[in-house]
Amino acid sequence: MIHDALLILWDCCQTSEGVQQEPLTYANEGDAVIYKQISKIAYSHHKIQNFVIGTGYLSRKTHEASGHRMFGLYGQALSEGISEVLQSYKKTLKDVESLVIGNKNYTLAFVYSYVEKYQGLFNTINRIISTLKERRLIGCQILSLLHQYILSGNEMVHEAIVKIFSNINAVFMNQLCTWLLYGELRDPYEEFFINSIKKNDSTDTFSSCQSTTITCEKSLVSTLQQTPLDCGYNLNSTMIPYFIPLSLAQEILFVGKTVILFGFDPKKVKKNNIFSMSKALIPLQKINIESRRFTIWEEKEAEFHEKLQKLKNPDEFEVCHLKSVVRDIKECVTKHLWIVAVEEAQLLHELHLMKDFYLLGRGELFLELLRLTSRLLDKPTTRTSTRDMNQAFQLAARSVFLSNSADIEKFSFELPYVKPNASDNLSLQEDSSSAADGWSTIILKYDFKWPLHLLFAPEVLARYNDMFRLLLRIKKTQHDLHALWKTYKNSSRFSSCQLHNKLMFLMDNLQHYLQADVLETNFSRLMDAVSKTNDFEKLKKAHANFLADILSQSFLTVTAEDTEGSDTLDSINNPVLNNIVELLRLGHSFCNLSEVTTDADDEDYYIRGYSERFNKLVKQLMQLLVSLREKPCGVYLARLLMRLDYNRWLSAEAQLTQSVTNMLRY
């Protein structure tokens, strides 16, 4: 009977749960119960052995050859770890065999006393295997499962699970090390928490819809900051081990993507084409990649590699240790990214260019450009509008002695052509023409240096273009009103002069508010933040805050209050912006009044209509302050209207019971 027990323990004969061999007639009393317990242990071992055989290296290769995909590298590591743990069990059986052969007086209880201690271990391993099969876990999910079983009151179980975990962790750390240090994803079975993604080529657009979207300031900053460093890889949330925080996984993804970024040759990117991460880039030759890596790590590659390899040891593996190593690697990568972006790509100079062109810092250039293109932009776009606009831009640059500057070559204009619909009636055609004129569709393109695409993503440039279109409209209206000064200087028509002065006063203060209070103040804050850091991520966040602030303070977005269930992406226009746009249209119509009529009576009729419209819009603007002053966006609105109502004249015109100045004193 002892020999039968040893055979089933060695898994040399078939064993099934619930079907036990009947005890022999010469067996001692109680041996049937002991034999049943031994059979249970043998059956547990049998199930484990079947799993090991089914997930081992040979089985994996067989399934690959037949086209079936079973467990990958992590499953094989689990199989090898279990095999190592079972070596202790097999050694125990050898010891029992030698003892039984040397002394025939040993009983079945003697054999059971040696193997009984493995019952808890086998039960734990079988629970892991059953969970693995039921949930169909693969890859890093297996690592998470094993990590949950490490803490055990049974010392044997604890040591065995730690040994199995270390085998799987070795695969994980090898993949992690390759990704962090070399930007290579060696994951043939898609088991890592970073996976390769395939994107359809999409055309980058730098224009945005004419209507402004309500966006929470925090979500806008998040959107602008999370510009895609997209090299074809993304996080697979289902594969992230539960003991690794999402923030750490994102840092690991960022480091690998940045290393990949430095493996691309910027000189081979097509000229005059905005950097698009959705398109494949041409990699450097091997020798250049190696030299680039050496520059990134600054002779620290061996040190980082050693730190990561130490984490294979289960005694050393702790999430805090992993986080510390990843942070050190990220610090080294971001430091090099800072050097490349700020020093080599001259980021500070590029930021000044963004201010000079997108934010109209070069006022003399755009005044000359408006003189040349005002008629072109008033009309609906045609197929030649883009060419004409760029020619005028070159002429304007030549007029202000900027044509020889290399910075001018980085900027160009695009006026998208919208083919008119011939089936529409006249009124619809007029509406479509007014919607598709140059002022609402003009796009300023920017050919920046590599790797500044990390900062100036398409979403960011689209927001800059929103700001550019608003500033250009205000500049144009202000310029046209000042050009009429000679006309109304000696005019005897008091109503026309008064309306002209009101419009000019409003546009001057609006332009001064945007350029001085909004743009200059926030740009100085951005430059101050840039000068105080050498971390590219912090610089990116500072730039996102800068852009979000100028958009919000220019009323291109609405800062909604944080309320539960509130939808921050409602397509509702900012009422302040709508009011300003209506005032701009009124100023444009007033400046073109001489083209509409030459008769004095007709002119008086139009002037009365314009005056009534102006008073109505100003009254609405003042009432908006009353309704929005307690909300976050009301802070910037109050700043603008403080300029407009410094002498309380507008509040008196709007017939408000309390002046704006008094309302702001609290």
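I started with H7 (residues 140-148) and H8 (residues 155-182), whose axes come within 10 Å and cross at roughly 155 degrees. Axes here are lines fitted to C-alpha atoms, for helices over the stretch in contact, with angles from 0 to 180 degrees between N-to-C directions. H7 is therefore roughly antiparallel to H8 (over 145 degrees; under 35 is roughly parallel, 65 to 115 roughly perpendicular, the rest oblique). The H7 and H8 crossing is left-handed (the near helix is turned anticlockwise from the far one by less than a right angle). I listed the contacts (heavy atoms within 4.5 Å): Cys140, Ile142, Leu143, Leu146 and His147 of H7 meet Ile161, Ile164, Phe165, Ile168, Asn169 and Phe172 of H8. By class, that is 9 nonpolar, 2 polar and no charged residues.

The model is predicted: local features need pLDDT of at least 70, side-chain atom pairs count only at pLDDT 80 or more, and totals for chains, interfaces and linings use all residues. Residues are numbered from 1 along each chain as its sequence is written, and side-chain values use heavy atoms, leaving out hydrogens and water.

Next I checked H21 (residues 494-531) and H23 (residues 575-591). Their axes come within 11 Å and cross at roughly 135 degrees. That makes H21 oblique to H23. H21 passes H23 in a left-handed crossing. The H21 and H23 contact holds 10 nonpolar, 3 polar and no charged residues.

Last, I looked at H4 (residues 73-102). H4 has 30 residues and reaches 44 Å from its first C-alpha to its last, close to the 44 Å expected at 1.5 Å a residue. I also noted a bend of about 25 degrees at Leu86 in H4 (the angle between axes fitted to the seven residues ending there and the seven starting there).

Conventions: Helix = DSSP H or I, 4+ residues; strand = E, 2+ residues; numbered from the N terminus. Expected span 1.5 Å × (residues − 1). Nonpolar A, V, L, I, M, F, W, Y, C, P; charged D, E, K, R; others polar.
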